[in-house]
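Subject: Structure handover

Hi,

Here is the structure I promised to pass on to you. Please have a look at it first, and then read my notes below.

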Amino acid sequence: MKKYKSLLDIVLLALLVFLCLTAVLPRTIVMPSPLQMLLLIVVFGLISAFLVLVWREQPSDEREAENQQLASCMAYLAGCSVLIITMLVQGASHKLDAAIPITLLIMILTKVVTQQLKDK
């Protein structure tokens, strides 16, 4: 069963990478109509939400729970790093997208508030 789960991980991630590339570079890979682009974004959003919120979120033992915590920590650090670098690059060119600092702020606020609530 573990072998199939790893294969399914690879398939889901490959699908997500493909959808991400077609959403970010639509004219390079395909020429989607507005309806196709909307469907592409909806499917990308649904698969992303599934992978973030549902996929492998029920650990069966302490080892899996520790692995899940480490993966979440690494994902948080990678996401924040990418947002900080993007903010610096876009800020240097005076074309900062407002979604970047807002997303970073929400991620940091969530971390700080959660730590404060858990410390009580």
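I'll begin with Thr 22, which is part of helix 1 (residues 2–24); helices here are DSSP runs of H or I with at least four residues, numbered from the N terminus. Before going further, please note that this is a predicted model, where local features need pLDDT of at least 70, side-chain atom pairs count only at pLDDT 80 or more, and totals for chains, interfaces and linings use all residues. Residues are numbered from 1 along each chain as its sequence is written, and side-chain values use heavy atoms, with hydrogens and water left out.

Thr 22 has a relative accessible area of 3%, so it counts as buried (under 20% is buried, over 50% exposed, and partly exposed in between, with a 1.4 Å probe and protein chains only). A polar atom of the Thr 22 side chain sits 2.9 Å from the backbone oxygen of Leu 19.

Next, the core. The largest nonpolar core consists of eight residues: Leu 12, Leu 16, Leu 19, Ala 23, Leu 40, Ile 47, Leu 51 and Trp 55. Such a core is a set of buried Ala, Val, Leu, Ile, Met, Phe, Trp, Tyr and Cys residues joined through side-chain atoms within 4.5 Å. Helix 1 and helix 3 are the elements that give two or more residues to this core, and helix 1 supplies the largest share, four residues.

Leaving aside neighbours within four places in sequence, Leu 16 is in contact (heavy atoms within 4.5 Å) with Phe 44, Ile 47, Ser 48 and Leu 51. Leu 40 lies in helix 3 and is buried, at a relative accessible area of 15%. Not counting residues up to four places away in sequence, Leu 40 touches Leu 19, Thr 22 and Ala 23.

Together with Leu 35, Leu 39, Val 42 and Leu 46, Leu 38 makes a nonpolar surface patch of about 510 Å².

What does the side chain of Gln 68 make a polar contact with? The partner is the side chain of Glu 57, at 2.7 Å (a polar contact is a pair of N or O atoms within 3.5 Å, one able to donate a hydrogen and the other to accept it). Gln 68 belongs to helix 4 and is buried, with a relative accessible area of 19%.

Finally, a backbone detail: His 94 has a positive phi of about 60 degrees although it is not a glycine. His 94 sits in the loop between helix 4 (62–92) and helix 5 (99–119), and is exposed at 74% relative accessible area.

Best wishes

Notes:
Patches are made of residues with over 30% relative accessible area and no salt bridge: like charges are joined within 9 Å, nonpolar side chains (Val, Leu, Ile, Met, Phe, Trp, Tyr) within 5 Å. Accessible areas come from the Shrake-Rupley method with a 1.4 Å probe; for residues, only the protein chains shown count as cover. A salt bridge is a side-chain nitrogen of Lys or Arg within 4 Å of a carboxyl oxygen of Asp or Glu.
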